Amino acid sequence: MTEGRRRPALPGWTWPILLVGILAIAVLVEGAVAPGRLVVANPDTAAADALADAVTELPDGSLVLVGMDPDLGTYPEIRPAVRAALDALRARGAGIAVVSFTTEGRAVAAAEVARLRSLGATDDRLLDLGYVAGAEAGMVLSVTELAPAEGGDVPEPFAAARRGIAAFDMALIVGGVDIGPRTWVEQVGTRLPELPLAAIVPAVRHPEVAPYLRSGQLVALVGTARDGAAYAAAGTHADGLPSATGMLVGLVVALAVMLRAAWARPRHDADGGSPEGDEA
Amino acid sequence: MPATIVVLVGLLLLVNFVVINPLVAGVAREVLRLVVVVAAAAAVAGALALVLRHGSDLWRGRGDRAGSLVLLIGLVAMLAAGFYPGSAGAADPAVRWLVAALLAPIVAALFALLFVFTLVAMQRGMLLRSRQVTVMLAAAAAVVVLLLPLGGPAGAWLATAASWTTAVPIGGVFRGLLIGVAIATAIHAARIVLAVDGADD
């Protein structure tokens, strides 16, 4: 093919803008799609059901420790599921204590604690344990001792929490890139094998954590956006779910780019070495 | 000396894990507290080093001055919100606003760019026609198809296939990786504890 017959390529910076535009249109036209044609919630509800069962099976008046360590980059993906789980725990009447072992997790935890308080959670049902420094070392210490963020007295229902993670009936782990279910299984699960561990993680961590579910070291794992949507849709957060049309269009664009890449002719520089970059 | 400290602390924590003894548990707890203090001090030192580095760049007109200025302004804004008299620290509304309105959207947007960058990288990689990139592309395409949010019987079939793929082939690979990492970590730890030559390098 001669140089003169090549189509003029769009500048590289236009492709991301075009993609954002297409995604925005896809989200806007979601209402025009017939109900049931596109569903963001996973039709296989096994993961969502396991988490729901773990909450339902809690004893009356139980204490649940929420290990809130998501990262800011992936938290939007799991936020509906996390909020649905916290609401389910409240509805179950569980005492919720929130602790973080990462600074990013603490930032998210502070926002979620404030949200729960704005929904009416009182001090005898919600305890903010704050940030525990030292990462894994701090987590190991927390197995036998935990103190609230403010220092002072602990409300009576949470008095046992001073004995550490051992005093809780379940731990709900909200994982991110740094600390997540794997660290909990290694540092807490080995010391407290009777403590049920349930987890919500972003899809990027799901393959790494899934073996712990199969081995029984986790009682429940919601680990993809679609599992999270299935869990949230069954609870109180069906409105905060990602757009099914947006997801479909994004995946179709990805497939189109992959197919284009698969059919592209190999290109080499003058030395026959590395290929030239192609912007899109 | 560092190797000796590592060996002693490692053995102490190992004994504490295996043997139930109040004295050993007390000593192990104090050691862990020391580790926590060291980790916290390292975090503070890291923050100070960052400030010094970017402050110095700004002062001497080196590097990306605009980036350094933004970083220092962000740092000061967050510290001011968290430390002003009467502040509730990380739970203070000002800190929560900075996180929710600025930090979280920026970080999430950067993470979302991975979608674009991964596709571009994949396309560039395919120009090499290497077998590894071809396998990666095929696997990625298969996963994308399995994740299509379709309703009806087709969607249910894709969801079942996605669950099987995660649990069996991908799960098998990660299970193997986890076991391999655990064995390698145990061997490395044993080499340190037994003071095998070069293990502390």
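## Surroundings of R162(A)

Leaving aside residues up to four places away in sequence, R162(A) touches E145(A), L146(A) and V154(A), where contact means that the C-beta atoms of two residues, placed from the backbone, lie within 7 Å. This is a predicted model, in which local features need pLDDT of at least 70 and side-chain atom pairs count only at pLDDT 80 or more, whereas totals for chains, interfaces and linings use all residues. Residues are numbered from 1 along each chain as its sequence is written, while chains are lettered from A and ligands numbered from 1 in the order in which they are written.

R162(A) is found in the loop that runs between α5 (135-142) and β4 (170-174) of chain A; helices (H or I, at least four residues) and strands (E, at least two) are DSSP runs, numbered from the N terminus. Because it has 13 C-beta neighbours inside 10 Å, R162(A) counts as partly exposed, the class between buried (20 or more other C-beta atoms within 10 Å of a residue's own) and exposed (12 or fewer), with C-beta atoms placed from the backbone. From C-alpha to C-alpha, R162(A) and L23(A) are 49 Å apart in space, and 139 residues separate them in sequence.

## A positive phi in chain A

Most residues other than glycine have a negative phi. A135(A), a residue other than glycine, has a positive phi, near 50 degrees. A135(A) lies in helix α5 of chain A and is partly exposed, with 19 other C-beta atoms within 10 Å.

## Chain B

Chain B has 6 helices and 0 strands. Its radius of gyration, taken over C-alpha atoms, is 25 Å, well over the 17 Å that the globule rule (2.2 Å times the number of residues to the power 0.38) gives for 201 residues, so chain B is more spread out than a compact globule. Along the principal axes, the C-alpha atoms of chain B fill a box of roughly 60 × 50 × 40 Å, and 10% of its 201 residues count as buried.

## Where the chains meet

In the contact between the chains, 50 residues of chain B meet 53 residues of chain A. On the side of chain B that touches chain A, α4(B) gives the most, with 17 residues. That side divides into 36 nonpolar, 8 polar and 6 charged residues, with Ala, Val, Leu, Ile, Met, Phe, Trp, Tyr, Cys and Pro counted as nonpolar, Asp, Glu, Lys and Arg as charged, and the others, Gly among them, as polar.

The axes of helix α4 (residues 103-118) of chain A and α4(B) come within 10 Å and cross at roughly 110 degrees, where axes are lines fitted to C-alpha atoms, for helices over the stretch in contact, and angles run from 0 to 180 degrees between N-to-C directions. The two helices, α4(A) and α4(B), are therefore roughly perpendicular to each other, a term that covers 65 to 115 degrees. A107(A), A110(A), A111(A) and A114(A) of α4(A) make this contact with R96(B), V99(B) and A100(B) of α4(B).

Notes. Parallel < 35°, antiparallel > 145°, perpendicular 65-115°, else oblique.
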